Amino acid sequence: MATADWLRLSVCAVLSLMVMTVDGYTVPITYVQSAVAQGAVCLDGSPPAYHFDKGFGAGVNNWLIHVEGGAWCNNATVCLSKRNTRLGSSKYMDKQYTFSGILSNLQKFNPDFYDWNRVKIRYCDGSSFTGDVAAVDPSTKLYYRGARAWNAIINDLMAKGMKNAQNAILGGCSAGGLTVILHCDSFRAQLPGAKVKCLSDAGYFINAKDISGASHIQDMYAQVVATHQSAKNLPSSCTSKFSPSLCFFPQFAAQGIQTPLFLLNAAYDAWQVKNILAPGVADPHGTWHDCKLDITKCSSSQLQTLQGFRTEFLSALSQLGSSSSRGLFINSCYAHCQSGTQETWLRSDSPVLGGMVNLKAKATRLVQLLLPYNIGNNITAIYSFLSLSYRVE
């Protein structure tokens, strides 16, 4: 690994390991009780939920939706393990949720969206809101109804004023970031009178083999699609060309998206390193355990493997081709999700690189403006964030 590559990775990783404080405020939970009668429920049959802070001033008719992450459940056993947790039941969700980062209501912390209607959608279905199995599992009493829950939440928000939106951004982190990609065009179709754009944060999961050479993530995604019967709710622009299980991967699903899409991701995405590149099943002796927890403890060969994953990640990005309606901000942090916390979004002590301050504010404005960026043969230049220069008007 080149010295510059290691420095880029290590500096960001050290920052991500620092103890952080929270600059935020709490917002109460809203349960979509009417969804229960429609069977639009969490894994345990409880109503879906979200947290909503009303917009004000110039942002009163603008909406920012941010979807929570929480991985997936690919079979009844895994889904059952989530049923009595916040990721499978609204009964176990915190009644208050801290809004910070892109959800902050303070101009100094969130200059572009502080006065918008801001919503945090809670994640409780295990399928990135794509499942729709009519029958309830008789042995586990599990409901695979993510797509119905999604529609119930969106309809509830429409009734609360989103139908009058002038601008709307559908965003999310991790499995919520994948939700954004899978629902981006359909969300836009529900708001024909608004300018709609999508922001996927740490949601660009790639179809890569693990360190043993197995296709662990591809197999898992295929099981998710089968268990939740997700195929009919995946983008038809993808399923008309690829198998449904491949359409759970953004490198395939995002190719046909027509709505402006912005990708925010770490090239060394921490979740993907831990669960796609080096999952426990591929590392039975725990050789990667310490490296995954602290990259300063990685061996030279492990660092080379990480660098190879970064190369594969960038190659997967290039599969999207060129489009004037896409933008991206790819950095070298060993991190996962960067828009929902103040420390990694915008704060006075946020990292300064190459003399550029408030990098996340710059990324925010890119979401608004979605400046065209041809990723075709320029992927390396995009990645080399020390030399990034975007003109923001």
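This is a predicted model: local features need pLDDT of at least 70, side-chain atom pairs count only at pLDDT 80 or more; totals for chains, interfaces and linings use all residues.
Trainee: How many disulfides does a search of the whole structure find?
Mentor: A disulfide is a pair of cysteine sulfur atoms within 2.5 Å. When the bonded cysteines of the chain are numbered in sequence order, they pair as 1-4, 2-3, 5-12, 6-7, 8-9 and 10-11. The search of the whole structure gives a total of six.

Trainee: How many residues apart are Cys42 and Cys124?
Mentor: A disulfide joins Cys42 to Cys124, with an S to S distance of 2.0 Å. Helices (H or I, at least four residues) and strands (E, at least two) are DSSP runs numbered from the N terminus. Cys42 sits in the loop between strand E1 (25–31) and strand E2 (49–53), while Cys124 sits in the loop between strand E5 (117–121) and helix H3 (146–159), so that the pair links distant parts of the chain, 82 residues apart.

Trainee: Is Cys42 buried or exposed?
Mentor: Buried means under 20% relative accessible area, exposed over 50%, and partly exposed in between, using a 1.4 Å probe and protein chains only. The relative accessible area of Cys42 is 0%, and therefore Cys42 is buried.

Trainee: Why is the disulfide of Cys184 and Cys198 right-handed?
Mentor: The sulfur atoms of Cys184 and Cys198 are 2.2 Å apart. This disulfide is right-handed because the torsion about its S-S bond is about 105°.

Trainee: Which parts does the pair of Cys184 and Cys198 tie together?
Mentor: Both partners are buried, Cys184 at 0% relative accessibility and Cys198 with a relative accessible area of 0%. The two parts are 14 residues apart in sequence, because Cys184 lies in helix H4 (residues 175–189) and Cys198 in strand E7 (residues 195–201).

Trainee: How are the planes of Phe113 and Trp116 arranged?
Mentor: Rings of Phe, Tyr and Trp (its six-membered ring) pair if their centres lie within 6.5 Å, and planes under 30 degrees apart count as stacked, over 60 as edge-to-face and the rest as tilted. The search of the whole structure finds 16 aromatic pairs. In the pair of Phe113 and Trp116 the centres are 4.9 Å apart and the planes make an angle of 80°, an arrangement that is edge-to-face.

Trainee: Which residues form one aromatic cluster?
Mentor: Tyr221 and Phe249 form a tilted pair, 4.6 Å centre to centre with 50° between the planes. Both Tyr221 and Phe249 are buried. The one cluster is formed by Trp72, Phe205, Tyr221, Phe248, Phe249 and Trp271.

Trainee: Which strand gives the largest share of the lining of the second largest pocket?
Mentor: The second largest pocket is lined by 21 residues, and Tyr97, Thr98, Lys120, Gly340 and Thr341 lie nearest its centre. The lining divides into seven nonpolar, eleven polar and three charged residues. The largest share, three residues, comes from strand E4 (residues 96–99).

Methods:
Residues are numbered from 1 along each chain as its sequence is written. Side-chain values use heavy atoms; hydrogens and water are left out. On a 1 Å grid over the protein atoms alone, a cavity is a set of points where a 1.4 Å probe fits but cannot get out, and a pocket is an open set with protein on both sides within 12 Å along at least five of seven lines; lining residues have an atom within 4 Å of a point. Ala, Val, Leu, Ile, Met, Phe, Trp, Tyr, Cys and Pro count as nonpolar, Asp, Glu, Lys and Arg as charged, and the others, Gly among them, as polar.
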